[in-house]
Amino acid sequence: MRHLTAEPIQTDCTKVVYLVHSQLDLMKLISSQIRDDTSKGLQREYFVYFVPRRTVVCEKVSSLSK
């Protein structure tokens, strides 16, 4: 697992999974990484999963379970 950066993907894996908040700047980083791979002739499968931000309701439920 790695943090999303502007750097190209450095892996031999053929499948890449992104877990991200839905933010335009993150989508641009992902797009840039995929374009970089494509320009190098790399063939990978990409999966993007959007995760929600922490909400007040989740915080309350979490604190009740402690």
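The model here is a predicted one, in which local features need pLDDT of at least 70 and side-chain atom pairs count only at pLDDT 80 or more, while totals for chains, interfaces and linings use all residues. Residues are numbered from 1 along each chain as its sequence is written, and side-chain values use heavy atoms, with hydrogens and water left out.

Helix α1 itself runs over residues 24-39, which makes 16 residues. From its first C-alpha to its last it reaches 22 Å, close to the 22 Å expected at 1.5 Å a residue; the expected span is 1.5 Å times one less than the number of residues. Helices (H or I, at least four residues) and strands (E, at least two) are DSSP runs, numbered from the N terminus.

Leu26, Ile30, Gln33 and Asp37 are the buried residues to look for in α1. They sit on the same side of α1 because they cover an arc of only 60° around the axis, the arc being that of the directions from the helix axis to the C-beta atoms. An α-helix has 3.6 residues a turn, so residues three or four places apart point the same way. Buried means under 20% relative accessible area, exposed over 50%, and partly exposed in between (1.4 Å probe, protein chains only). The cover over the buried residues of α1 includes β1 (15-20) and β2 (45-50). On the face turned away from the buried side, α1 carries the exposed residues Leu24, Lys28, Arg35, Thr38 and Ser39.

Aspartate 37, in helix α1, is buried, with a relative accessible area of 0%. Leaving aside residues up to four places away in sequence, aspartate 37 touches Ile9, Leu42, Arg44 and Tyr46, where contact means heavy atoms within 4.5 Å. Aspartate 36 is also found in helix α1, but it is partly exposed at a relative accessible area of 22%. Its C-alpha is separated by 8.5 Å from that of isoleucine 9, 27 residues apart along the chain. Aspartate 12 lies in the segment before β1 and counts as exposed at 80% relative accessibility. Between the C-alpha atoms of aspartate 12 and aspartate 25, 13 residues apart along the chain, the separation is 25 Å.

Over in helix α2 (residues 56-64), valine 56 is exposed, with a relative accessible area of 58%. The C-alpha atoms of valine 56 and threonine 11 are 37 Å apart, with the two residues 45 apart along the chain.

Then there is the largest pocket, with about 670 Å³ of space. Its lining has 21 residues, and Met1, Arg2, His3, Val17 and Tyr18 are the closest to its centre. On a 1 Å grid over the protein atoms alone, a pocket is an open set of points where a 1.4 Å probe fits, with protein on both sides within 12 Å along at least five of seven lines, and lining residues have an atom within 4 Å of a point. Grid points are joined across faces, edges and corners, and the volume is the space filled by probe spheres set on the points. β1 gives the most to this lining, with six residues, and α1 supplies at least two.
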